[in-house]
Amino acid sequence: MTAAHQDATAQDATGDKVVIFDTTLRDGEQCPGATMTFEEKLEVAECLDTMGVDIIEAGFPIASEGDFEAVSAIAKRVKRATVAGLARAINADIDRAGEAVRHAQRGRIHTFVSTSPIHLAYQMRKSEADVLEIITATVTRARNLVEDVEWSAMDATRTGIDYLCQCVEAAIKAGATTINLPDTVGYATPEEYCEMFRAVRERVPDADKAIFSTHCHNDLGLAVANSLAALKAGARQIECTINGIGERAGNAALEEIVMAIKTRGDALPYRSGIESTMLARASKLVSAVTNFPVQYNKAIVGRNAFAHESGIHQDGMLKHQQTYEIMTPESVGVGKTSLVMGKHSGRNAFRTKLRELGYELGENAFEDAFNRFKALADRKKHVYDEDIEALVDEEIAHAHDRMKVVALQVIAGTSGPQSATLTLDIDGAQQTVHANGNGPVDAIFAAIRMLVPHTAKLELYQVHAVTEGTDAQAEVSVRLAEDGRMVTGRGADTDTMVASARAYVAALNKLMLKRQKTAKAEQLG
Ligand code: KIV
Ligand code: ZN
């Protein structure tokens, strides 16, 4: 039994500890374009572990070799949290998930099967009786591999309550220690979702032997409200993701759940073990590695979440912070943009600054980051925290890329054609080409296509400045789509053209990984 599980089962529905189950690396990664590399997943997992997340769902081990390796590496690396691997109700999936979490200090197999009439009729083509048998067989198999087994009723909120109770009873009897009742399609209202938990917990014999868990999608914008409503009916685990990323409209946002519980203890008498001052850092990291921008007005971690524009609000804030703020920016880790170091700063100061920003780098990664910082400080007058974060996130994201930008010269201006001379390192060999284009970015992208021929379509090209000033670093996002696969790459540099080349090449690196993943999934059928 895991520490989180002991902590939560030691209490009944009146206990106040809410187990935070983060699925950024699994459900979050399932959203189109959000593929993360192996190194990025490890970095996110470390951040979640340090922040106090109880359970990290690290991936879907049967889905690809890459997923399996990422889950295994996270299982070995993570010190505190339980590490979960997802498995369909199929023996091969369960065995693979068991193998992936084998070395974890605390490992969990999370297995799921659909229970709603629509899924049974059209997707599974199975009867209710068949699915009951499958639940018993697969949960039993998982329990033979690990002690900590979570079972999920996919599309629970569109399942008849009698049948749902039968399924939950079968799962608990077979040894499931956590029962998750997802609102897979984001259809429920808070009252309905709460009522479903109440009914299941009342009607199922031995319901008190398991922790009940929420898993809400945000199709109607109700994911957080639904998750919190279920706590009233005794749910004590919430599945959520950083920035609310996930399938379609996403999952319940971890930062919103945590801060709602922390800020409204009067209405929500629970506690989570999350260190809330790390929320902003986790949000930035996930946004950087997935290349999903955080909307400006996003609760808790959006750029405007603590900005006050109107005269009346500013006046009130100057008189007393609580006039217009229900929580402090510091409580979620948002500090003032601070001027940090310049070209004279040494290794010690840089290492201390990295720690302050929540990074622990190995020696090689530290040296690379330090050299890039020095180069940046030579070019840029003021180096801000945001500059260092952009630089280190990029370093981590691209350390193991097969293709890298080595050199770029661009000719731009009023008298075209604009042109680019580009050198890429591809699997250790350098190649240079020259291309013309309708504008400098077009020329760079044409050069990349000459060196790496592909049919992927450019879906998005976006530039934003990391900080203020004309010498600010540009952060460029490039999204490519190929045969239904979508990937996003990011590049940062004080030169927008260099950042653009890096972003396109980063997207291509991810596309290669995704092609391998799809090929493996097709093999598995
Ligand atoms: O949304 C869902 O139902 C899921 C399950 C796999 C838990 O993600
Ligand atoms: Zn989901």
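The expected span of a helix is taken as 1.5 Å times one less than its number of residues. In this predicted model, helix H17 comprises twelve residues, 440–451. The distance from its first C-alpha to its last is 17 Å, close to the 16 Å expected at 1.5 Å a residue. Several positions of H17 are buried, namely Val-441, Ala-443, Ile-444, Phe-445, Ala-446, Ala-447, Ile-448 and Leu-451.

The surroundings of ligand 1 were examined next. The residues around ligand 1 are Arg-26, Asp-27, His-110, Phe-112, Ser-152, Met-154, Asn-180, Pro-182, Thr-184, His-215 and His-217. Polar side-chain atoms of this shell approach oxygen atoms of the ligand. For Arg-26, an N or O atom of the side chain is 3.0 Å from an oxygen atom of ligand 1. Asp-27 places a polar side-chain atom 3.1 Å from a ligand oxygen atom, and for His-215 the corresponding distance from a polar side-chain atom to an oxygen atom of ligand 1 is 3.1 Å. On its own, ligand 1 has 260 Å² of accessible area, of which the protein covers 96%. Two or more residues of the shell are contributed by each of helix H2 (24–28), strand E4 (107–114), strand E5 (148–154) and strand E6 (178–183).

Backbone geometry was considered at two loop positions. Asp-206, although not a glycine, has a positive phi of about 65 degrees. This residue belongs to the loop that links helix H9 (190–203) and strand E7 (211–216). Asp-206 counts as partly exposed because its relative accessibility is 40%, a value between the limits of 20% for buried and 50% for exposed residues. Asn-243 likewise is a residue other than glycine with a positive phi, near 65 degrees. Asn-243 is located in the loop between strand E8 (237–240) and helix H11 (254–263). With a relative accessible area of 13%, Asn-243 is buried, since buried denotes a value under 20%.

A nonpolar patch on the surface is formed by Leu-458, Tyr-461 and Val-463. Together these residues present about 230 Å² of accessible area. Val-463 is part of strand E12, which spans residues 457–465. The relative accessibility of Val-463 is 40%, and this residue therefore counts as partly exposed.

Methods. Residues are numbered from 1 along each chain as its sequence is written. Chains are lettered from A and ligands numbered from 1 in the order in which they are written. This is a predicted model: local features need pLDDT of at least 70, side-chain atom pairs count only at pLDDT 80 or more; totals for chains, interfaces and linings use all residues. Side-chain values use heavy atoms; hydrogens and water are left out. Helices (H or I, at least four residues) and strands (E, at least two) are DSSP runs, numbered from the N terminus. Buried means under 20% relative accessible area, exposed over 50%, partly exposed in between (1.4 Å probe, protein chains only). Patches are made of residues with over 30% relative accessible area and no salt bridge: like charges are joined within 9 Å, nonpolar side chains (Val, Leu, Ile, Met, Phe, Trp, Tyr) within 5 Å. Accessible areas come from the Shrake-Rupley method with a 1.4 Å probe; for residues, only the protein chains shown count as cover. A salt bridge is a side-chain nitrogen of Lys or Arg within 4 Å of a carboxyl oxygen of Asp or Glu. A residue is near a molecule or strand if one of its heavy atoms lies within 4 Å of it. A polar contact is a pair of N or O atoms within 3.5 Å; within protein, one must be able to donate a hydrogen and the other to accept it, and residues adjacent in sequence count only if both atoms are side-chain atoms.
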